[in-house]
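User: I would like to go through this model with you. Could you take my questions one at a time?

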Amino acid sequence: MSDITYLPGKEPHEKEHRLIFRNVDRKGWNPKIKTYLAEGGYEMAMKALKMKPQEVIDEVKASGLRGRGGAGFPTGIKWGFIPPNNTKPVYLICNCDESEPGTFKDRYIAHQDPHQLIEGMVISAYAVGAHVAYIYIREEFPEAAIILEKAIAEAKKNGFLGKDIQGSGFDLEIYVHRGAAAYICGEETGLIESLEGKRPYPRIKPPYFPAAIGLYMAPTIVNNVESLCHVVHILRMGGEEYIKLGTPRNSGTRMSVFQAMFLRGTVAVPITFQELLYDMCGGPKDGRTLKAVIPGGSSSKILRCNETFQIGRGDDAEEMTFWQLPLDFDTLAAAGSMAGSGGVIVMDDTRRMSWVLNNITHFYAHESCGQCTPCREGSTWMKKVSDRIEDGKATPTDVQVLEDIAYQIDGKTVCAFGEASAWPVEAMIDKFRDELVGETSDDNDTRSAERIAQEQFLSSVPQ
Amino acid sequence: MRSLFGILALVCSSCSPTVFVVDEAGRPIEDAKVIPMSRSFNWPPKETDENGGVLVHQDLPTIDYLQISKAGYRNHPLVNFNLPKPITVVLKK
Ligand SMILES: Cc1cc2nc3c(=O)[nH]c(=O)nc-3n(C[C@H](O)[C@H](O)[C@H](O)COP(=O)(O)O)c2cc1C
Ligand code: SF4
């Protein structure tokens, strides 16, 4: 890595361990296959094609790789869910919808290192027995879609895609599919519906677990861009070595992107918030203090920077300050939040939380697909109540109303969007209730204009 | 000379309080907390003086509201900062 140089101002921090982002912002690097091949590109695909598919799956299982799309589901285990007696075609889908607010990691790969993704897809498709794969890319990434299409054409020309890849007997076609410009198209079953040309209404699980009943009702593996790229490095390093980059249950590196202070990188887990926000990002601006962090995209629960947490259970329980928390899947879950999509949103003491809350509720109200009532109605009500709080027109009861609505959505919907919209609201109220209530007043009149007009009319009518 | 008076008047008006906080009887409330706010930011809180006054200048990003509070009084609705100055705010018990 030492012989690699980066563009001025884009050099990695000494604590960064660049695995997936090795070639991002690298001097002299371009997304062409010639550049990729010059550094051993596609060698791991060739290695995989000489192995048995089950051996590839076993290596990924041994690596402990957990999906980087949000839920952190173990990738090798997911691949093993394809029914053993399956007679239908198997599909692989790369989820490049990347629409979680605060997250913009996959885009860098698509723009600057598309062959890393294609190589990961060749290996993964071979492992799961797919001969057709799709890259579902969000509509708002038009340039990335063109780059990926060019890269696929190059890979095909060089014999790394298409029929009988490098004489292995394995065939694979990859198609780029432009998304429908909606957040819900990132939810895997909504994505599948969209890919089938329909409105992206998520499917109910069970029975529609994609690995069993997915695209065209056939077994389908949906993986995030970053997850698929990790597969290349797992084959190169071996699962056992890969684990050592992190911890057994939180293996490998993890890409984090930041808003407020800016850094892109693959941070070897478990780096702590102190290391990340102060050592690597340089801390807050002079005279300011950090107030709160949303650790894994807008759907994850907000954490206060002055909190302490009880991590672990029984005798193993350990008290940790926010700053001591490592950014891994398990610790963040134990702290009541999640590592999610890796988009870290940082807020300092000047940030008005009612505005943050309002910003988030607007997003979810706009993006709800509308299929189920608690989410469709609840997200809109949450937006309306948080509008009132932000405008200074709410009463203290409104904060309670907002919290009640959120808990009415949580766990009562077809897809996880319901939780994604409710959790940030629940956590924001839990952590910043005083600040929110402080912006309300009993003297505010929350009646609508229609209600006031109706009451005036009724009082003017003789009894 | 006239322009000098003009400048002096401008300087004096720019240092006199722009917000007064009083109780229902019109008595000034000292040490009331005043937080200037834009839609997305909070400025550091200020406190009223013995005359219930505090100087808040318009700033960037634009200040839209003031949040005014004092222990023992009810929360006041957010005050629109774009009203003609000085703004008088009545806190109720
Ligand atoms: C509302 C919603 C939006 C999602 N958006 C994305 C997305 O943009 N990209 C992504 O990779 N996963 C997204 N997911 C997660 C996917 O459903 C799926 O779990 C993931 O693509 C699986 O990949 P992984 O196992 O590699 O993490 C979303 C989930 C939900 C509920
Ligand atoms: S939870 Fe929301 S986004 Fe998901 S299916 Fe229901 S309405 Fe659609």
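**Ligand and interface**

Analyst: To begin with ligand 1, one of its oxygen atoms is 3.1 Å from a polar backbone atom of A:Glu98. Please note that this is a predicted model.

User: Which polar side-chain atom lies 2.9 Å from an oxygen atom of ligand 1?

Analyst: That atom belongs to A:Asn95.

User: How much of the accessible area of ligand 1 does the protein cover?

Analyst: The protein covers 90% of the 610 Å² that ligand 1 has on its own.

User: And which residues come nearest to ligand 1?

Analyst: There are 18 residues around ligand 1, of which A:Gly69, A:Lys78, A:Glu188, A:Asn224 and A:Ser227 come nearest.

User: Turning to the chains, how many residues does the contact take from each of chain A and chain B?

Analyst: Chain A contributes 17 residues and chain B contributes 14. Between them the two chains bury about 1,400 Å², with 41% of it on carbon and sulfur atoms.

User: Which residues in chain B lose the most area to chain A?

Analyst: These are B:Arg39, B:Asn42 and B:Asn75, which together account for 36% of what the chain B side buries.

User: How many salt bridges are found across that interface?

Analyst: Four are found between chain B and chain A. A:Asp443 and B:Lys92 form a salt bridge through their side chains, at 3.9 Å from N to O. By class, the side of chain B that touches chain A has three charged, six polar and five nonpolar residues.

User: What is the count of residue pairs in polar contact between chain B and chain A?

Analyst: The count is twelve residue pairs, with both residues at pLDDT 80 or more.

Terms used: Residues are numbered from 1 along each chain as its sequence is written. Chains are lettered from A and ligands numbered from 1 in the order in which they are written. This is a predicted model: local features need pLDDT of at least 70, side-chain atom pairs count only at pLDDT 80 or more; totals for chains, interfaces and linings use all residues. Side-chain values use heavy atoms; hydrogens and water are left out. Contact means heavy atoms within 4.5 Å. Buried area is the accessible area (1.4 Å probe) that two parts lose on being put together, summed over both. A polar contact is a pair of N or O atoms within 3.5 Å; within protein, one must be able to donate a hydrogen and the other to accept it, and residues adjacent in sequence count only if both atoms are side-chain atoms. Ala, Val, Leu, Ile, Met, Phe, Trp, Tyr, Cys and Pro count as nonpolar, Asp, Glu, Lys and Arg as charged, and the others, Gly among them, as polar. A residue is near a molecule or strand if one of its heavy atoms lies within 4 Å of it. Accessible areas come from the Shrake-Rupley method with a 1.4 Å probe; for residues, only the protein chains shown count as cover.
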